[in-house]
Amino acid sequence: VEDTVFNTDTLVVNVALASQIASLLVYCCYGLRNNEALGEWSIEENGCPQTVRFGERNEHESVCDYAELPCPNDEAKCGTFRRRTLQSHIDNCPNTPCPNADKGCKFRGDPENVAQHHRICSLSLELNSSEKVREALGKLLDSHQELQTRHDRLKREFEVQQKQRVDERSKWMQEREAILNRLDETRDDLHHVTERCSELERRLESVVKLIPSGYRIRSRDSTSSMNALIDTSNGGYGTSPSMVHRSLVEEPETATVQRSSSNPKADRRTSTILTSAAARPSPICWEQ
């Protein structure tokens, strides 16, 4: 079988034999020492004392505490250490680099000196300054966002209130315009009534001057006894002319004159005048 070349594609795995080999107990490789001079392996006194199944050997050796690992700080200067003692070496390694080594700092020393150096390292100061600037910038951005949100909310509230005020002012202006229009109409009506009253007063005065003294004017159908005694001895102004006129125009068609004098001719003349005056309408009626 020596020097025979086999095609692995044509080989068939003997599962039973492979299972038997995998169950064989063997020493951990980190518990053996190779004696090259003698060409044999011997048990390492300070090595791993465990024996494991051949099929589980790789799994054990990947986590074995006796595995030799290089110093992560500087293998050339520090060498290798058992896995179980490596962390102790790292905690006191004299070749510990500065945390800013990846940024260009060349300082190395034990962890205590590195910590002191890191506080005054120029790269650390620049890094801290940059971090502080970024932190401050982040806070400013957050504040800006909050203020922007508040500004938008206040703007919406202001627009709503402004619209309400505009609507209320528009409504108030319409009401004010309506009131002013009604006042103008009332003023015009009052002016018209005043002019009409003045005109009637002038007419009545001219009529009263023509009525002889001692005549009583009375409406035939009046039930409130609106009688006005006209005394013209003083030019016809002894009694208010308006009362005579208003008694006349209350029922202009039925107004008559009752004679209280002894002059029939004067009675006929006065009756004619009063009937003519009473035919003029008046919107006002006074009672004595």
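# Briefing: contacts, cysteines and salt bridges

The side chain of Thr96 comes within 2.8 Å of the backbone oxygen of Cys93. A polar contact is a pair of N or O atoms within 3.5 Å; within protein, one must be able to donate a hydrogen and the other to accept it, and residues adjacent in sequence count only if both atoms are side-chain atoms. This is a predicted model: local features need pLDDT of at least 70, side-chain atom pairs count only at pLDDT 80 or more, and totals for chains, interfaces and linings use all residues. Residues are numbered from 1 along each chain as its sequence is written, and side-chain values use heavy atoms, with hydrogens and water left out.

**The whole protein**

- The protein has eight helices and eleven strands. Both are DSSP runs, numbered from the N terminus: helices are H or I with at least four residues, strands are E with at least two.
- Of the 288 residues, 22% are buried. Buried means under 20% relative accessible area, exposed means over 50%, and partly exposed lies in between (1.4 Å probe, protein chains only).
- Accessible areas come from the Shrake-Rupley method with a 1.4 Å probe; for residues, only the protein chains shown count as cover.
- Take the contacts with a separation of 6 or more: residues 24 or more positions apart account for 43% of them. Contact means heavy atoms within 4.5 Å.

**Around Thr96**

- Thr96 sits in strand β7, which covers residues 96-97.
- Thr96 has a relative accessible area of 14%, so it counts as buried.
- Neighbours within four places in sequence are left aside here. Thr96 then contacts Asn73, Ile90, Phe107, Arg108, Gly109, Asp110, Pro111 and Val114.

**Around Val52**

- Val52 belongs to strand β4, residues 51-53.
- Val52 is buried, because its relative accessible area is 11%.
- Val52 and Ser23 are 29 residues apart along the chain, and their C-alpha atoms are separated by 8.9 Å.
- Not counting residues up to four places away in sequence, Val52 touches Leu24, Leu25, Val26, Arg57 and His60.

**Cysteines**

- A disulfide is a covalent bond between the sulfur atoms of two cysteines. Here it is defined as a pair of cysteine sulfur atoms within 2.5 Å.
- By this rule there are zero disulfides. Cys29 is in none: the nearest cysteine sulfur, that of Cys28, is 4.8 Å away.
- Cys29 is partly exposed, at 33% relative accessibility.
- Cys93 itself is buried, with a relative accessible area of 0%.

**A nonpolar surface patch**

- Leu17, Ile21, Leu24 and Phe54 make a nonpolar surface patch of about 350 Å². Patches are made of residues with over 30% relative accessible area and no salt bridge; like charges are joined within 9 Å, and nonpolar side chains (Val, Leu, Ile, Met, Phe, Trp, Tyr) within 5 Å.
- Leu24 lies in the loop between α1 (15-22) and β1 (25-27).
- Leu24 is partly exposed, at 48% relative accessible area.

**Salt bridges**

- The whole structure holds eight salt bridges. A salt bridge is a side-chain nitrogen of Lys or Arg within 4 Å of a carboxyl oxygen of Asp or Glu.
- Glu61 pairs with Arg57, and their closest N and O atoms are 3.8 Å apart. The two residues are four apart in helix α2 (residues 57-61), so about one helical turn separates them.
- Is Glu61 buried or exposed? Glu61 is buried, at 12% relative accessibility, whereas Arg57 is partly exposed, at 26%.
- Asp102 pairs with Lys103, with the closest N and O atoms 3.8 Å apart. Asp102 is exposed, at 64% relative accessibility, while Lys103 is partly exposed, at 46%.
- Arg187 and Asp184 form a salt bridge at 3.5 Å, N to O. Both lie in helix α6 (residues 122-208), three residues apart, which is about one turn of the helix.
- Salt bridges that share partners also join Arg196, Glu199 and Arg203 into one network.
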